[in-house]
Amino acid sequence: MTFKALLLDQGDGGVTSQITQLDDSQLPDGDVTVEVEYSSLNYKDGMVMSGIGRLVREYPHIPGVDLAGTVSESSDDRFAVGDRVVLTGWRVGEVWWGGYSTRAKVKADWLVKLPDSISTHDAMAIGTAGFTAMQALIALERHGLAAGDSLLVTGASGGLGSSAIVWGGVGGYAVTASTGRLENTDELKALGASEVIDRATIAEAPTRPLSSETWAGCIDAVGGDTLANVLTTLRSRASVAACGLAGGNGLNTTVIPFLLRGVNLLGIDSVMCPADHRSEVWAAMEASGGISKLVGMSTTVALDEVIALAPEILAGNVKGRTVVECV
Ligand code: NDP
(Lines give C-alpha, C1' and ligand atoms only; values in the text may rest on other atoms or scores of the structure.)
Protein backbone atom coordinates (compact mmCIF):
# COMPACT_ATOMS: atom_id res chain seq x y z
CA MET A 1 0.00 0.00 0.00
CA THR A 2 1.12 3.53 -0.63
CA PHE A 3 0.35 6.83 1.07
CA LYS A 4 0.74 10.49 0.18
CA ALA A 5 3.03 12.83 2.10
CA LEU A 6 4.75 16.18 2.03
CA LEU A 7 8.40 15.17 2.01
CA LEU A 8 11.34 17.41 2.89
CA ASP A 9 14.86 16.79 1.66
CA GLN A 10 18.14 18.63 1.88
CA GLY A 11 19.30 20.16 -1.39
CA ASP A 12 22.27 22.41 -2.23
CA GLY A 13 20.16 25.52 -1.73
CA GLY A 14 18.58 24.37 1.56
CA VAL A 15 15.49 22.33 2.39
CA THR A 16 13.24 21.26 -0.52
CA SER A 17 9.56 20.22 -0.26
CA GLN A 18 7.47 18.02 -2.52
CA ILE A 19 4.20 16.10 -2.41
CA THR A 20 4.96 12.46 -3.14
CA GLN A 21 3.72 8.87 -2.80
CA LEU A 22 5.56 6.61 -0.36
CA ASP A 23 5.28 2.88 0.30
CA ASP A 24 4.08 1.51 3.67
CA SER A 25 7.44 -0.26 3.99
CA GLN A 26 8.99 3.21 4.40
CA LEU A 27 6.94 3.98 7.51
CA PRO A 28 9.00 4.13 10.70
CA ASP A 29 8.64 1.62 13.56
CA GLY A 30 5.64 2.20 15.80
CA ASP A 31 2.79 0.50 17.68
CA VAL A 32 -0.13 2.25 16.04
CA THR A 33 -0.88 3.14 12.42
CA VAL A 34 -3.13 6.16 11.98
CA GLU A 35 -5.00 7.15 8.84
CA VAL A 36 -4.34 10.86 9.17
CA GLU A 37 -7.33 13.05 8.30
CA TYR A 38 -6.06 16.46 9.40
CA SER A 39 -2.91 18.16 10.60
CA SER A 40 -2.33 21.88 11.17
CA LEU A 41 0.15 24.67 10.55
CA ASN A 42 2.13 25.91 13.53
CA TYR A 43 5.06 28.31 13.86
CA LYS A 44 7.39 25.33 14.41
CA ASP A 45 6.22 23.76 11.14
CA GLY A 46 7.35 26.96 9.42
CA MET A 47 10.75 26.60 11.09
CA VAL A 48 11.07 22.91 10.13
CA MET A 49 10.03 23.50 6.52
CA SER A 50 12.48 26.39 6.22
CA GLY A 51 15.34 24.43 7.81
CA ILE A 52 15.62 26.88 10.72
CA GLY A 53 16.86 25.95 14.19
CA ARG A 54 18.35 22.53 13.30
CA LEU A 55 15.12 20.90 14.49
CA VAL A 56 15.38 18.10 11.91
CA ARG A 57 18.49 15.95 12.01
CA GLU A 58 17.63 13.33 9.36
CA TYR A 59 16.25 13.69 5.85
CA PRO A 60 14.09 12.79 4.01
CA HIS A 61 11.56 13.98 6.58
CA ILE A 62 7.79 14.40 6.86
CA PRO A 63 6.91 17.57 8.84
CA GLY A 64 3.69 18.38 10.73
CA VAL A 65 3.89 18.67 14.53
CA ASP A 66 0.35 17.43 15.10
CA LEU A 67 -2.23 15.11 13.56
CA ALA A 68 -5.69 13.69 14.07
CA GLY A 69 -7.16 10.60 12.45
CA THR A 70 -8.41 7.06 12.86
CA VAL A 71 -6.46 3.99 13.98
CA SER A 72 -6.11 1.37 11.20
CA GLU A 73 -3.67 -0.99 12.95
CA SER A 74 -2.56 -1.35 16.55
CA SER A 75 -0.32 -3.69 18.51
CA ASP A 76 -1.05 -1.78 21.74
CA ASP A 77 -3.97 -2.72 24.02
CA ARG A 78 -4.90 0.91 24.62
CA PHE A 79 -5.90 1.51 21.00
CA ALA A 80 -8.18 -0.43 18.66
CA VAL A 81 -8.94 -0.16 14.96
CA GLY A 82 -11.49 2.63 14.48
CA ASP A 83 -10.43 4.73 17.49
CA ARG A 84 -10.26 8.45 16.76
CA VAL A 85 -6.98 9.83 18.06
CA VAL A 86 -5.01 13.07 18.29
CA LEU A 87 -1.28 13.61 18.60
CA THR A 88 0.54 16.84 19.50
CA GLY A 89 4.19 17.26 20.45
CA TRP A 90 6.62 14.50 21.45
CA ARG A 91 8.92 15.99 18.76
CA VAL A 92 6.74 14.44 16.06
CA GLY A 93 7.30 16.44 12.87
CA GLU A 94 10.85 17.28 14.07
CA VAL A 95 12.71 14.14 15.18
CA TRP A 96 9.95 11.74 14.09
CA TRP A 97 7.89 11.77 10.90
CA GLY A 98 4.87 14.01 11.32
CA GLY A 99 1.31 14.73 10.27
CA TYR A 100 1.67 16.12 6.72
CA SER A 101 0.84 12.66 5.43
CA THR A 102 -2.18 10.47 4.84
CA ARG A 103 -0.72 7.71 7.05
CA ALA A 104 1.52 7.77 10.14
CA LYS A 105 3.01 5.05 12.33
CA VAL A 106 3.61 6.27 15.88
CA LYS A 107 4.17 5.22 19.48
CA ALA A 108 0.97 4.48 21.39
CA ASP A 109 2.31 6.59 24.28
CA TRP A 110 2.02 9.70 22.11
CA LEU A 111 -1.67 9.32 21.31
CA VAL A 112 -4.74 10.67 23.09
CA LYS A 113 -8.23 9.32 22.34
CA LEU A 114 -10.36 12.20 21.13
CA PRO A 115 -13.30 13.17 23.33
CA ASP A 116 -16.57 12.11 21.58
CA SER A 117 -17.73 15.62 20.81
CA ILE A 118 -14.51 16.72 19.04
CA SER A 119 -14.12 15.79 15.36
CA THR A 120 -10.70 15.16 13.84
CA HIS A 121 -11.06 18.42 11.89
CA ASP A 122 -11.89 20.41 15.00
CA ALA A 123 -9.06 18.74 16.93
CA MET A 124 -6.68 20.25 14.40
CA ALA A 125 -8.43 23.63 14.43
CA ILE A 126 -7.26 23.47 18.06
CA GLY A 127 -3.96 21.71 17.28
CA THR A 128 -0.70 22.33 19.10
CA ALA A 129 -1.38 26.06 19.40
CA GLY A 130 -4.82 25.68 20.99
CA PHE A 131 -3.60 22.89 23.24
CA THR A 132 -0.68 25.04 24.43
CA ALA A 133 -2.96 28.02 25.05
CA MET A 134 -5.24 25.89 27.29
CA GLN A 135 -2.20 24.46 29.08
CA ALA A 136 -1.11 28.05 29.75
CA LEU A 137 -4.54 29.07 31.05
CA ILE A 138 -4.66 26.06 33.39
CA ALA A 139 -1.18 26.99 34.70
CA LEU A 140 -2.31 30.58 35.35
CA GLU A 141 -5.45 29.37 37.13
CA ARG A 142 -3.34 27.07 39.33
CA HIS A 143 -1.37 30.18 40.28
CA GLY A 144 -4.42 32.18 41.28
CA LEU A 145 -6.01 33.64 38.14
CA ALA A 146 -9.74 33.86 38.82
CA ALA A 147 -12.79 34.58 36.62
CA GLY A 148 -13.21 38.29 35.93
CA ASP A 149 -9.46 38.97 36.18
CA SER A 150 -7.58 40.88 33.48
CA LEU A 151 -5.70 38.61 31.08
CA LEU A 152 -3.22 39.92 28.51
CA VAL A 153 -2.63 37.81 25.39
CA THR A 154 0.36 38.68 23.17
CA GLY A 155 0.80 37.60 19.55
CA ALA A 156 -2.97 37.78 19.50
CA SER A 157 -3.60 37.32 15.78
CA GLY A 158 -1.50 34.15 15.64
CA GLY A 159 -2.63 30.59 16.31
CA LEU A 160 -1.63 30.41 19.95
CA GLY A 161 -2.77 33.95 20.69
CA SER A 162 -6.17 33.65 19.05
CA SER A 163 -6.77 30.33 20.84
CA ALA A 164 -5.81 31.94 24.15
CA ILE A 165 -8.34 34.71 23.50
CA VAL A 166 -11.07 32.13 22.93
CA TRP A 167 -10.24 30.09 26.04
CA GLY A 168 -9.87 33.27 28.12
CA GLY A 169 -13.10 34.80 26.81
CA VAL A 170 -15.29 31.76 27.43
CA GLY A 171 -13.58 31.31 30.80
CA GLY A 172 -14.89 34.68 31.94
CA TYR A 173 -11.65 36.68 31.89
CA ALA A 174 -11.33 40.29 30.76
CA VAL A 175 -9.03 39.61 27.82
CA THR A 176 -6.79 42.28 26.31
CA ALA A 177 -5.30 41.28 22.97
CA SER A 178 -1.93 42.71 21.95
CA THR A 179 -1.37 42.69 18.20
CA GLY A 180 0.76 44.27 15.49
CA ARG A 181 -2.24 43.98 13.17
CA LEU A 182 -4.82 46.39 14.54
CA GLU A 183 -6.87 45.82 11.37
CA ASN A 184 -7.86 42.50 13.01
CA THR A 185 -9.49 44.30 15.97
CA ASP A 186 -13.07 43.30 15.12
CA GLU A 187 -12.12 39.65 14.67
CA LEU A 188 -10.15 39.58 17.93
CA LYS A 189 -13.14 41.06 19.74
CA ALA A 190 -15.41 38.48 18.12
CA LEU A 191 -13.11 35.76 19.47
CA GLY A 192 -13.48 37.07 23.01
CA ALA A 193 -11.16 40.06 23.55
CA SER A 194 -12.73 42.97 25.38
CA GLU A 195 -9.87 45.29 24.44
CA VAL A 196 -7.23 45.33 21.70
CA ILE A 197 -3.90 47.16 22.04
CA ASP A 198 -1.06 47.89 19.62
CA ARG A 199 1.85 45.53 20.35
CA ALA A 200 4.23 48.49 19.87
CA THR A 201 3.09 49.81 23.27
CA ILE A 202 4.69 46.81 25.03
CA ALA A 203 7.42 45.87 22.55
CA GLU A 204 10.28 48.08 23.76
CA ALA A 205 12.71 47.00 26.49
CA PRO A 206 11.39 48.33 29.82
CA THR A 207 13.19 51.39 31.18
CA ARG A 208 12.17 50.75 34.80
CA PRO A 209 12.14 47.53 36.84
CA LEU A 210 8.48 48.12 37.82
CA SER A 211 5.60 49.96 36.15
CA SER A 212 1.98 50.32 37.20
CA GLU A 213 0.27 47.06 38.14
CA THR A 214 -1.96 46.22 35.19
CA TRP A 215 -2.37 42.50 34.42
CA ALA A 216 -3.63 39.68 36.65
CA GLY A 217 -2.24 37.20 34.12
CA CYS A 218 -0.64 36.96 30.69
CA ILE A 219 -0.36 34.29 28.01
CA ASP A 220 2.72 35.31 26.05
CA ALA A 221 3.51 33.99 22.55
CA VAL A 222 6.15 36.63 21.84
CA GLY A 223 9.00 36.51 24.42
CA GLY A 224 11.93 38.95 24.19
CA ASP A 225 11.40 42.56 25.26
CA THR A 226 7.62 42.05 25.25
CA LEU A 227 7.92 39.43 27.99
CA ALA A 228 10.38 41.65 29.91
CA ASN A 229 7.82 44.45 29.69
CA VAL A 230 4.96 42.24 30.86
CA LEU A 231 6.96 41.21 33.95
CA THR A 232 7.16 44.87 35.03
CA THR A 233 3.39 45.40 34.68
CA LEU A 234 2.01 42.25 36.36
CA ARG A 235 -0.04 42.81 39.49
CA SER A 236 1.20 41.59 42.85
CA ARG A 237 1.40 37.74 42.84
CA ALA A 238 0.23 37.53 39.21
CA SER A 239 1.78 35.17 36.65
CA VAL A 240 2.81 35.16 33.02
CA ALA A 241 2.79 31.91 31.07
CA ALA A 242 5.78 32.07 28.70
CA CYS A 243 4.77 30.05 25.64
CA GLY A 244 6.57 31.43 22.61
CA LEU A 245 9.39 33.36 21.00
CA ALA A 246 7.80 34.97 17.94
CA GLY A 247 9.47 38.25 18.94
CA GLY A 248 12.78 36.80 20.16
CA ASN A 249 14.23 34.21 22.51
CA GLY A 250 16.17 36.63 24.72
CA LEU A 251 14.93 37.82 28.10
CA ASN A 252 16.59 40.87 29.56
CA THR A 253 14.94 41.60 32.89
CA THR A 254 15.66 42.23 36.58
CA VAL A 255 14.65 40.16 39.59
CA ILE A 256 12.75 43.14 41.05
CA PRO A 257 9.23 42.05 39.88
CA PHE A 258 9.85 38.63 41.49
CA LEU A 259 11.14 40.09 44.77
CA LEU A 260 8.85 43.10 45.23
CA ARG A 261 5.64 41.81 43.63
CA GLY A 262 6.02 38.04 43.99
CA VAL A 263 5.15 37.55 40.34
CA ASN A 264 5.61 34.15 38.66
CA LEU A 265 7.18 33.30 35.32
CA LEU A 266 5.61 29.99 34.27
CA GLY A 267 7.23 27.94 31.52
CA ILE A 268 4.84 26.18 29.16
CA ASP A 269 6.09 23.15 27.23
CA SER A 270 3.46 21.35 25.20
CA VAL A 271 5.92 19.01 23.50
CA MET A 272 6.89 16.78 26.44
CA CYS A 273 3.70 17.45 28.43
CA PRO A 274 2.95 14.27 30.46
CA ALA A 275 0.17 11.99 29.17
CA ASP A 276 -2.20 12.46 32.14
CA HIS A 277 -2.04 16.25 31.83
CA ARG A 278 -2.76 15.97 28.09
CA SER A 279 -6.07 14.23 28.75
CA GLU A 280 -6.88 16.89 31.32
CA VAL A 281 -6.16 19.68 28.81
CA TRP A 282 -8.33 18.04 26.10
CA ALA A 283 -11.15 17.59 28.63
CA ALA A 284 -10.85 21.26 29.67
CA MET A 285 -11.10 22.35 26.03
CA GLU A 286 -14.13 20.13 25.47
CA ALA A 287 -15.82 21.53 28.59
CA SER A 288 -14.93 25.16 27.80
CA GLY A 289 -17.63 25.63 25.16
CA GLY A 290 -15.11 27.56 23.06
CA ILE A 291 -14.22 25.03 20.37
CA SER A 292 -16.83 26.20 17.85
CA LYS A 293 -15.42 29.73 18.07
CA LEU A 294 -11.93 28.45 17.33
CA VAL A 295 -13.23 26.34 14.46
CA GLY A 296 -15.15 29.34 13.11
CA MET A 297 -12.00 31.39 12.79
CA SER A 298 -9.86 28.60 11.29
CA THR A 299 -8.99 28.15 7.64
CA THR A 300 -8.68 24.71 6.02
CA VAL A 301 -6.06 24.20 3.30
CA ALA A 302 -4.87 21.25 1.18
CA LEU A 303 -1.58 19.47 1.89
CA ASP A 304 0.24 21.08 -1.05
CA GLU A 305 -0.80 24.59 0.02
CA VAL A 306 1.32 24.28 3.18
CA ILE A 307 4.51 24.69 1.14
CA ALA A 308 3.69 28.33 0.34
CA LEU A 309 2.32 29.04 3.83
CA ALA A 310 5.45 27.97 5.74
CA PRO A 311 7.42 31.21 5.16
CA GLU A 312 4.24 33.23 5.73
CA ILE A 313 3.75 31.95 9.28
CA LEU A 314 7.38 32.81 10.08
CA ALA A 315 6.79 36.32 8.73
CA GLY A 316 3.76 36.72 11.04
CA ASN A 317 1.36 36.92 8.10
CA VAL A 318 -0.88 33.94 8.96
CA LYS A 319 -4.03 34.77 10.88
CA GLY A 320 -5.59 32.39 13.42
CA ARG A 321 -5.43 28.64 12.97
CA THR A 322 -4.79 26.80 9.71
CA VAL A 323 -6.07 23.22 9.42
CA VAL A 324 -4.37 20.97 6.85
CA GLU A 325 -6.56 18.38 5.15
CA CYS A 326 -4.58 15.21 4.50
CA VAL A 327 -6.19 13.42 1.53
P1 NDP B 1 1.91 32.34 14.80
O2 NDP B 1 2.91 32.76 13.79
O3 NDP B 1 0.58 31.89 14.36
O4 NDP B 1 1.69 33.53 15.86
C5 NDP B 1 2.72 34.36 16.30
C6 NDP B 1 2.19 35.78 16.44
O7 NDP B 1 3.16 36.57 17.15
C8 NDP B 1 2.01 36.48 15.10
O9 NDP B 1 0.78 36.18 14.51
C10 NDP B 1 2.10 37.94 15.53
O11 NDP B 1 0.85 38.32 16.11
C12 NDP B 1 3.13 37.90 16.66
N13 NDP B 1 4.46 38.25 16.18
C14 NDP B 1 5.11 37.74 15.08
N15 NDP B 1 6.32 38.31 14.96
C16 NDP B 1 6.46 39.17 16.00
C17 NDP B 1 7.49 40.06 16.41
N18 NDP B 1 8.64 40.17 15.74
N19 NDP B 1 7.29 40.80 17.52
C20 NDP B 1 6.13 40.70 18.23
N21 NDP B 1 5.11 39.88 17.86
C22 NDP B 1 5.28 39.12 16.76
O23 NDP B 1 2.63 31.21 15.68
P24 NDP B 1 1.96 30.21 16.75
O25 NDP B 1 0.80 30.87 17.36
O26 NDP B 1 1.88 28.87 16.15
O27 NDP B 1 3.15 30.15 17.83
C28 NDP B 1 3.47 31.31 18.59
C29 NDP B 1 4.74 31.07 19.38
O30 NDP B 1 4.50 30.06 20.36
C31 NDP B 1 5.92 30.58 18.55
O32 NDP B 1 7.11 31.15 19.04
C33 NDP B 1 5.91 29.08 18.78
O34 NDP B 1 7.18 28.52 18.60
C35 NDP B 1 5.46 29.02 20.21
N36 NDP B 1 4.82 27.77 20.60
C37 NDP B 1 5.27 27.17 21.73
C38 NDP B 1 4.70 26.03 22.19
C39 NDP B 1 5.15 25.45 23.47
O40 NDP B 1 4.96 24.26 23.71
N41 NDP B 1 5.72 26.25 24.35
C42 NDP B 1 3.66 25.34 21.40
C43 NDP B 1 3.18 26.10 20.27
C44 NDP B 1 3.79 27.26 19.88
P45 NDP B 1 0.24 39.80 15.88
O46 NDP B 1 0.25 40.02 14.41
O47 NDP B 1 -1.11 39.72 16.48
O48 NDP B 1 1.15 40.76 16.63
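A nonpolar core is taken here as a set of buried Ala, Val, Leu, Ile, Met, Phe, Trp, Tyr and Cys residues joined through side-chain atoms within 4.5 Å, where buried means under 20% relative accessible area, exposed over 50% and partly exposed in between, with a 1.4 Å probe and protein chains only. The model is predicted, so that local features need pLDDT of at least 70 and side-chain atom pairs count only at pLDDT 80 or more, while totals for chains, interfaces and linings use all residues. Residues are numbered from 1 along each chain as its sequence is written, and side-chain values use heavy atoms, with hydrogens and water left out.

**Nonpolar core**

- The largest nonpolar core has 50 residues, of which Leu-151, Ile-165, Trp-167, Ile-219 and Trp-282 touch the most other members.
- Helix H2 gives the most to this core, with 13 residues; helices (H or I, at least four residues) and strands (E, at least two) are DSSP runs, numbered from the N terminus.
- Because domain 1 (2-114 + 297-325) and domain 2 (129-267) both give residues to this core, it lies between them; the domain bounds come from an automatic or database domain assignment.

**Ligand surroundings**

- Polar contacts are pairs of N or O atoms within 3.5 Å: an oxygen atom of the ligand lies 2.7 Å from a side-chain N or O atom of Arg-199, and a ligand oxygen atom lies 2.8 Å from a backbone N or O atom of Ser-157.
- A polar backbone atom of Ile-313 is 3.4 Å from an oxygen atom of the ligand.
- The ligand taken alone exposes 920 Å², and the protein buries 86% of that, with accessible areas from the Shrake-Rupley method and a 1.4 Å probe.

**Backbone geometry**

- A cis peptide bond with omega of about 0° joins Tyr-59 and Pro-60, and Pro-60 lies in the loop between helix H1 (43-49) and strand E4 (66-74).
- Arg-54, which is in the loop between H1 and E4, has a positive phi near 50°, and it counts as exposed because its relative accessibility is 59%.
- Arg-237, in strand E12 (residues 234-242), has a positive phi of about 70° although it is not a glycine.

Technical notes
Polar contact = N/O pair within 3.5 Å; in protein donor to acceptor, adjacent residues only side chain to side chain.
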